[in-house]
Amino acid sequence: MNHLSLRAFLLAASLFLPADLLAGPDDQDGYAIITSRDTILGIHGCYAQCLNDGDCPERQRCVAVPNVGQGCLPTRDDELAPDDWSLCEAPLDCGLEEICARQPAPTKVAAFVEHKRRRGFAVHVVDETAWGGGRGDDGADNIRAWLQANYQALNLRYVLLIGDPRPSGDVPMRGSKPANNAYQDWAGNPVVLTDYYFADLDSNWDLDGDGALAEFSVNPAQIQPGSPASFHPDSLTDDMGPGGANRDAEVSVGRIPFYGNVADLDHILQKTMDYENADEDSIAWRHSALLAAEGQHRAFFGELIRTDVLVPNDFETYRVYDLEACWDHEANEDVDCRSPIDGVPQSLECTPTHVEDAVNAIRPGFVTWLTHGSGRGAQAVMLQGNARALPDDKPFFTFQASCYNGQPQTTDNLAYELLKNGAIGTIGAATISHGPGSPMPSLVNSAGNAGMAYNFAKRLIADRMSAGEALTALRRDVDVNNRWWYWKNYLTFNLWGDPSIGLYSHAIAEVPGPSDMGVDSGSPDGSVAAVDAGEILPDSGVANDALAQDAASDRGGLLPDVNSSSQDAAEENPDSVSTEVDQFSGVSVDGSVVNDHSSHSKSGCNAVSDSSGSVPWLTMLVILLCLPWRRRV
Ligand SMILES: [Ca+2]
Ligand SMILES: [Ca+2]
Ligand SMILES: [Ca+2]
């Protein structure tokens with residue numbers, strides 16, 4: 001398709017086609033890519049027009065930029081003018097005397113869209129001109145409103161967000177307050193940034209209308225001084241009743257964070273396509289898993305996953321535990337370890353080096369760990385340097401049962417570093433996550449971080465689900481048992497990567513597309529090169545609605561008292577595992593094990609249909625990319 005015909009098609013599709021036609025055949029699953037123009041068309045900037053350096057502010061020069069014009073740029077004398085910029089499709093937010101220019105766009109977006117379409121999805125690329133734009137919570141609310149208005153008509157099964165997830169970013173995650181009514185004195189009450197907001201679509205996340213989203217229910221009789229609930233004793237309403245936030249998602253969501261590096265985005269997209277294009281007989285290597293746990297009391301986690309999930313499915317395993325203190329080297333068996341150990345783990349000491357060696361030794365298809373963590377590392381398991389040194393040709397899925405590994409404000413967060421190198425899909429926590437402080441006999445019904453890892457592994461490996469649906473299913477299936485900290489886990493753990501791929505994804509017969517979409521093919525023999533991203537250009541002059549709003553990065557902050565209590569009980573305990581420094585709040589959070597024996601009985605989750613927000617079809621501009629099918633030659 002040539003440029004003009006694609007533009008014409010986009011306009012026609014977005015303005016005149018009824019929803020049912022956009023959705024494709026009834027049996028076709030919808031796949032929405034929620035993104036921004038700066039992500040898929042190149043980051044734009046506004047530059048003052050000039051004739052010479054004298055027209056420019058201090059420390060800027062008047063530069064002749066090919067294809068763009070003369071503008072003031074903060075470049076040095078010896079720097080060459082960029083030769084790969086382009087003019088914006090509209091002035092956007094630039095002034096009359098300014099030039100709007102875009103930096104280079106990623107090159108793999110259109111190929112990725114076509115790839116998904118050929119696997120049978122009706123793919124919809126939706127940028128802010130359709131979903132409404134905005135930063136912070138306002139932007140997230142707009143994304144969700146668009147999804148709520150369209151997920152049924154488009155038969156959406158998957159949503160992939162591609163964009164900057166930060167509150168200041170252009171495809172922001174939503175801030176939530178699951179611990180706002182927490183009644184224990186050890187509880188912290190951070191803003192939890194989550195993409196689950198874009199998955200549970202049939203509900204009102206602010207059911208009580210107080211502006212704090214996804215608040216869990218409180219037990220008023222047990223409010224302890226210093227707890228989050230104790231600071232607002234006269235407003236203890238929550239968002240979990242009928243019609244409120246619930247565990248049953250309508251779509252499965254993943255995200256490829258975009259922090260401005262188009263090469264990284266292209267690499268992740270290409271790697272994802274390669275993973276799915278692998279021959280079915282070439283993927284036996286994925287039947288292997290690496291289990292790592294720091295501390296003797298966490299080895300049970302790996303053992304339960306190995307015994308219940310990996311061994312019955314003939315997965316090779318490699319275990320990296322901390323068992324030196326309870327190991328009899330002569331008999332080569334465990335002696336009074338805090339949980340029974342089956343056979344002999346490959347490593348009795350858990351260190352990042354051992355974990356890196358393990359990846360290289362077995363090339364695992366799945367990696368999971370239980371340890372303390374921060375934005376940039378998982379203690380004793382994996383640091384950024386290890387992640388960047390991994391091979392990337394046989395990438396693995398992860399569930400990172402530690403704190404902060406997926407903290408979106410940290411642009412080099414560990415879950416993202418792994419998505420770039422080493423992994424194909426990663427799940428990490430945006431905040432502190434909560435798990436067991438001591439061994440448990442079973443994780444089947446646990447929504448602690450260890451239980452989430454276990455239940456994710458079971459669904460990804462034994463039930464052969466896609467990563468997105470494995471996460472969706474575990475949230476739906478495993479109750480939070482009246483624990484706000486488990487509900488918080490469900491919000492704080494998010495998937496980086498394409499939600500529709502799983503361990504068993506492989507090349508399939510291509511799905512032929514409709515040949516009569518009313519669009520000129522532009523090439524008589526049907527052959528076409530991969531459409532480049534520059535052609536995903538909706539021809540509309542909608543202004544960029546970016547509110548410069550540096551909202552709320554963790555407004556609640558991390559309460560220092562999150563570590564104050566330190567008990568270890570045989571029961572299931574919330575284990576606020578976090579170490580090192582939270583780079584954003586500057587609060588140093590130490591590992592702790594806190595205990596709560598109380599549990600109350602108000603039921604938390606109900607699914608009821610709802611209807612907040614709807615966007616009429618005709619006012620919406622869907623940048624629709626049901627690219628006409630082309631036979632590859
Ligand atoms: Ca729901
Ligand atoms: Ca609320
Ligand atoms: Ca409330």
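**Close-up views of helix packing, core and loops**

**View 1. Helices H12 and H13 in the predicted model.** The crossing of H12 and H13 is right-handed in this structure, which is a predicted model. Helix H12 spans residues 449-462 and helix H13 spans residues 467-477, and their axes come within 9 Å and cross at roughly 130 degrees. At this angle, H12 is oblique to H13. On the H12 side the contact is formed by Met452, Asn455, Phe456, Arg459 and Leu460, and on the H13 side by Ala467, Ala470, Leu471, Ala473 and Leu474. Sorted by class, the residues in this contact of H12 with H13 comprise 8 nonpolar, 1 polar and 1 charged.

**View 2. Helices H8 and H12.** Helix H8, residues 299-310, has an axis that comes within 10 Å of that of H12, the two crossing at roughly 25 degrees. Because the angle is under 35 degrees, H8 counts as roughly parallel to H12. The crossing of H8 and H12 is right-handed. From H8, the residues Phe301, Leu304, Ile305 and Val309 meet Ala450, Ala453, Tyr454, Ala457, Lys458, Ile461 and Ala462 of H12. The contact of H8 with H12 is made up of 10 nonpolar residues and 1 charged residue, with no polar ones.

View 3. The buried residues are Ala299, Phe300, Phe301, Gly302, Glu303, Leu304, Ile305, Arg306, Val309 and Leu310.

**View 4. Ala462 of helix H12.** Ala462, which is found in helix H12, has 14 other C-beta atoms within 10 Å and is therefore partly exposed. Leaving out residues up to four places away in sequence, Ala462 touches Val309 and Asn313. The C-alpha atoms of Ala462 and Asp308 are separated by 9.5 Å, although these two residues are 154 residues apart along the chain.

View 5. The largest nonpolar core holds 149 residues, among which Val159, Ala453, Phe456, Ala457 and Leu460 touch the most other members. Helix H12 supplies the largest share of this core, with 8 residues. When its neighbours within four places in sequence are set aside, Val159 is in contact with Ala32, Ile34, Leu147, Phe198, Val251 and Val253. A second, separate core has 13 residues, including Leu92, Ile99, Cys100 and Ala101.

**View 6. Asn67 in a loop between strands.** Asn67 is found in the loop between strand S3 (61-65) and strand S4 (69-73). The phi angle of Asn67 is near 70 degrees, which is a positive value in a residue other than glycine. With 11 other C-beta atoms within 10 Å, Asn67 is exposed.

**View 7. Asn332 in a loop between strands.** Asn332 lies in the loop that runs between strand S14 (327-328) and strand S15 (333-334). For Asn332, a residue other than glycine, phi takes a positive value near 50 degrees. Asn332 has 9 other C-beta atoms within 10 Å and is therefore exposed.

Terms used. Residues numbered from 1 in each chain as written. Chains lettered and ligands numbered in written order. Predicted model: local features only at pLDDT ≥ 70, side-chain atom pairs only at ≥ 80, totals over all residues. Axes fitted to C-alpha atoms, helices over the stretch in contact; angles between N-to-C directions. Helix = DSSP H or I, 4+ residues; strand = E, 2+ residues; numbered from the N terminus. Parallel < 35°, antiparallel > 145°, perpendicular 65-115°, else oblique. Left-handed = near helix turned anticlockwise from the far one by under 90°. Contact = placed C-beta atoms within 7 Å. Nonpolar A, V, L, I, M, F, W, Y, C, P; charged D, E, K, R; others polar. Core = buried A, V, L, I, M, F, W, Y, C linked by C-beta atoms within 7 Å. Buried ≥ 20, exposed ≤ 12 C-beta atoms within 10 Å, placed from the backbone.
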